[in-house]
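Please examine the sequence and the model before reading the solutions.

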Amino acid sequence: MHVAVQGYDEQAALWNGQAGEAWAAEQDLLDTMFKPLEDRLVEAIWMVGPKALLDVGCGTGATTLAAALLRGDHGSSTGIDVSAPMLGLARSRAAAEHSPARFILADAQTYPFGAASFDMIVSRFGVMFFADPVAAFQNLRRASRATAQMRLLAWRSAAENPFMTAAENAAAPLLGTVPPRAGGPGQFAFADPAYVRSVLGRSGWAAVELRPINVTCSFPASELERFFTRLGPLGRVLGDVADPSQRAAIVERVRTAFEPFLFGGEVRFVAACWMISARACPAYRERIDD
């Protein structure tokens, strides 16, 4: 399905198809699972106290809405995402909560933000998917004020996050067609700190710091099969398995692979992430405005 998204590309195609629809449908599960990470980001927002905040790759809007609630009438919160299914849900949630948060359906890499519109850029796992990260962060720098700050949550390596790859690793011998994680935009694209520093430094951001954080996340064990059959690379291809016996074998094999993460009635894992901080480099504005 092709939707009218400014800056439409391969990632927009992915997140406006099955992946975006699945994330919207499983919003309650994902919000529960990632709530401890949301809390870390909201704490960082509270410490800075921005007047105008932009949430990049906002998805179904949890972080944008939390920031709007935190700021109240003292600031604005804007979310941007390429996924029409997820952004539709974000707007519905904002309306239901009478939230002033606003949402933009577009690619933050190319969207023509007003110059110097924001004094804080944040993201919870939304900045690893840009086709051209340097161009994207340059565009975000143009949209930022001279004193703007940035706080980003990004995944560290796949090796440090075995929970996140357990499903496709277990299913691969039976399936063989699980989309690869390595290379290009994707969940672990910001795993290398040297790469992140290079991207941000070349894009007009200074004082770049990457602090490793390990955050325990959880959700009810009764939701485990829903998690691995609907989300991630396995979720994108499992629906194509026509043979019921093959599908049952895959589901059983994957369920067994998650046993190390089961604690009674709860699935529990450690999210190994970077908390990335940076500030706008004022001297860079002359170069990007030329």
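**Exercise 1. The nonpolar core.** Which residues of the largest nonpolar core touch the most other members?

Solution. The model is predicted, so local features need pLDDT of at least 70 and side-chain atom pairs count only at pLDDT 80 or more, whereas totals for chains, interfaces and linings use all residues. Residues are numbered from 1 along each chain as its sequence is written, and side-chain values use heavy atoms, with hydrogens and water left out.

Step 1. A nonpolar core is a set of buried Ala, Val, Leu, Ile, Met, Phe, Trp, Tyr and Cys residues joined through side-chain atoms within 4.5 Å. Buried denotes under 20% relative accessible area, exposed over 50%, and partly exposed the range in between (1.4 Å probe, protein chains only).

Step 2. The largest core has 78 residues, of which Phe-137, Leu-234 and Phe-258 touch the most other members. Strand β8 (residues 266-280) supplies the largest share of this core, nine residues; strands (E, at least two residues) and helices (H or I, at least four) are DSSP runs numbered from the N terminus.

Step 3. Leaving aside residues up to four places away in sequence, the contacts (heavy atoms within 4.5 Å) of Phe-137 include Val-127, Phe-130, Met-150, Phe-190 and Trp-205. A second, separate core of eight residues has Leu-65, Ala-68, Ala-90 and Ala-101 among its members.

**Exercise 2. A polar residue in a loop.** Determine whether Asn-16 is buried or exposed, and identify the backbone oxygen that lies 2.8 Å from a polar atom of its side chain.

Solution. Step 1. Asn-16 is found in the loop between α1 (10-15) and α2 (18-25). Its relative accessibility is 0%, and Asn-16 therefore counts as buried.

Step 1. The backbone oxygen in question belongs to Val-82.

**Exercise 3. A surface patch.** Which residues form a nonpolar patch on the surface?

Solution. Step 1. Patches consist of residues with over 30% relative accessible area and no salt bridge; like charges are joined within 9 Å and nonpolar side chains (Val, Leu, Ile, Met, Phe, Trp, Tyr) within 5 Å. A salt bridge is a side-chain nitrogen of Lys or Arg within 4 Å of a carboxyl oxygen of Asp or Glu.

Step 1. The patch is formed by Trp-46, Met-47 and Leu-70, which together have about 370 Å² of accessible area (Shrake-Rupley method, 1.4 Å probe; for residues, only the protein chains shown count as cover).

Step 2. Met-47 belongs to helix α3 (residues 27-48). With a relative accessible area of 61%, Met-47 is exposed.

**Exercise 4. Salt bridges.** How many salt bridges does the structure hold, and which parts does the pair Arg-230 and Glu-26 tie together?

Solution. Step 1. The structure holds eleven salt bridges. In one of them, Arg-230 and Glu-26 meet through their side chains at 3.0 Å, N to O. Because Arg-230 lies in helix α9 (residues 224-230) and Glu-26 in the loop between α2 and α3, this pair ties together parts that are 204 residues apart in sequence. Arg-230 is partly exposed at 31% relative accessible area, while Glu-26 is buried at 6%.

Step 1. Asp-31 and Arg-93 also form a salt bridge between their side chains (2.8 Å, N to O). Asp-31 is in helix α3 and Arg-93 in helix α5 (residues 84-96), so parts 62 residues apart in sequence are tied together. Asp-31 counts as buried at 13% relative accessibility, and Arg-93 counts as buried at 15%.

Notes: A polar contact is a pair of N or O atoms within 3.5 Å; within protein, one must be able to donate a hydrogen and the other to accept it, and residues adjacent in sequence count only if both atoms are side-chain atoms.
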